[in-house]
Amino acid sequence: MKALSKTARVLLLQMLAIGSVFASYGAGRPEAAKQPLRWRGGAIQIAVSSSLTKQNPRIVNGSDVAGALRRSFQTWQRYVDFDLVQTTTDKQSISPAGAHGDGISVITIAQTPENALFFSNGLQESAAATRVFYDKRGFVTEADIALNPYQDFSTDGTPGTFDLESTLTHEIGHLLGLEHSDVFGSTMHEKYGKNGAFGLPSYSARTLSQADITEIQRLYGANGTASCCQKIEGTLISADGPPRQWEVWAEDAQTGQVRAVAATDDQGNFFFSGLSRGSVLLFAQDKSGEIASPGELGTVTSSSDVTGISKVVPSTKGNLKLEYLGFNGQLSDIAVSLNAGKIYELYLGGTNLDPSKIKVGFTSPYLSVIPKTIASRDFGSEISVVSIDVQVDPNTPPGDYTVFVSEANGTKRYIVGGVTIEKFHNSFSKFSLTDE
């Protein structure tokens with residue numbers, strides 16, 4: 001068998017990093033209003049199809065399906081002030097696309113024509129899809145989840161399968177009205193790996209990130225378990241030229257954990273809502289990757305809601321691109337899961353990543369690059385790759401943390417929440433800082 005080239009290995013990891021599809025259909029709601037979808041409240045009944053409760057050839061034998069369902073529901077239930085009620089049904093198919101569904105929210109994995117149709121047009125490798133129906137006021141009336149009936153799932157980390165609990169947790173987020181997140185390590189990020197990506201089980205999406213919690217609190221408020229909710233509004237003003245679309249994110253001012261992400265509108269305005277109280281540091285970068293990042297925007301305290309933040313940002317062309325992360329000889333466009341108290345070799349991939357001209361760093365004081373460890377890695381001519389040794393402090397709180405590369409002139413590119421610190425074991429460390 002011919003060995004894969006390193007470029008092919010990058011492509012292979014991208015194939016292993018497939019997420020989900022989110023589609024919504026309603027009756028006359030103006031999409032231009034960009035109003036978030038949400039349930040009215042009360043009890044939401046979600047019917048689990050017998051295609052899941054009975055033995056299914058697409059689910060590895062012995063998998064804890066009931067436990068995965070229960071835990072996925074409970075993960076979100078902590079942050080909404082109404083009940084998610086699990087029922088059962090013999091219904092096999094999701095409702096067809098259209099203005100109205102049949103009123104039954106279902107989770108299914110059955111190989112029916114309607115379910116299979118959801119995964120056509122290049123979406124055959126996706127793990128799952130959620131179809132949401134809503135009324136003219138933007139209230140959800142039904143949400144159906146289809147697990148891809150042509151993919152395999154497990155709960156024990158079987159390589160080449162999707163983790164069932166991670167997939168369900170992600171899709172229930174869609175069912176509740178959440179869209180995809182730009183935070184790499186969030187449960188609601190568009191992509192997550194199959195088991196075996198980086199040689200590890202894909203368990204990280206089982207647990208919500210701070211960004212996921214902020215989004216669910218934005219829709220429904222806090223259910224009494226958190227101090228909520230802080231709002232922040234601001235505007236990014238281009239130094240010259242028309243406004244661009246910027247990615248703006250908030251990190252905990254003490255730990256560096258990513259807490260929320262937003263995008264500016266056509267006038268450069270951005271808005272955060274649902275933030276738990278606590279001082280945050282704001283950052284921004286051009287979503288296209290063409291303009292030098294302004295980096296830090298400043299710290300916002302939690303004493304009250306904040307409006308009127310404005311910042312003039314540069315329009316200087318940037319040369320760096322940072323798109324991929326990885327380790328264990330592999331790269332992908334998903335988060336890398338590390339453990340506290342360890343040292344790992346981390347890979348970064350993109351454009352113009354010259355070790356003699358760039359610096360790699362983290363926005364959190366808990367993660368640091370060991371000096372003189374940056375080195376070039378050969379992944380072919382189509383991508384520039386460097387590696388570093390990163391030290392994760394033993395006291396690092398679980399969460400998502402941002403990595404960046406910078407040039408001497410201050411040009412920076414970030415991967416927001418690209419490193420997620422988990423309790424799930426990652427054995428590919430170079431050194432442990434604690435006795436195990």
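Tyrosine 347 and phenylalanine 379 are both buried, where buried means under 20% relative accessible area, exposed over 50% and partly exposed in between, with a 1.4 Å probe and protein chains only. This is a predicted model, in which local features need pLDDT of at least 70 and side-chain atom pairs count only at pLDDT 80 or more, while totals for chains, interfaces and linings use all residues. Residues are numbered from 1 along each chain as its sequence is written, and side-chain values use heavy atoms, leaving out hydrogens and water.

Let us start with the aromatic rings. Rings of Phe, Tyr and Trp (its six-membered ring) pair if their centres lie within 6.5 Å; planes under 30 degrees apart count as stacked, over 60 as edge-to-face and the rest as tilted. By this rule the count comes to 14 aromatic pairs. In one of them, the rings of phenylalanine 82 and tyrosine 220 have centres 5.1 Å apart and planes at 75 degrees, so the pair is edge-to-face. This pair links distant parts of the chain, 138 residues apart: phenylalanine 82 is in the loop between helix 3 (65-77) and strand 3 (84-89), and tyrosine 220 is in helix 6 (residues 210-220). Helices (H or I, at least four residues) and strands (E, at least two) are DSSP runs, numbered from the N terminus. Phenylalanine 82 is buried at a relative accessible area of 8%, and tyrosine 220 is buried at 13%.

Back to tyrosine 347 and phenylalanine 379: they form an edge-to-face pair, 5.9 Å centre to centre with 85 degrees between the planes. Tyrosine 347 lies in strand 18 (residues 342-351) and phenylalanine 379 in the loop between strand 21 (375-377) and strand 22 (384-392), so the pair ties together parts that are 32 residues apart in sequence.

Strand 22 also holds aspartate 389, which counts as buried at 12% relative accessibility. Leaving aside neighbours within four places in sequence, aspartate 389 is in contact (heavy atoms within 4.5 Å) with residues including Tyr344, Glu345 and Lys430. Tyr344 also belongs to an aromatic cluster with Phe198, Phe327 and Phe428.

Finally, have a look at strand 4 (residues 105-108). Both its faces are covered, with Ser105 and Ile107 on one side and Val106 and Thr108 on the other all buried. Two strands pair if DSSP finds at least two bridges between them. Strand 2 (residues 44-49) runs parallel to strand 4 and is joined to it by three bridges, with isoleucine 46 opposite serine 105. Strand 6 (residues 140-147) pairs with strand 4 in the parallel sense over two bridges, and threonine 108 stands opposite alanine 146.
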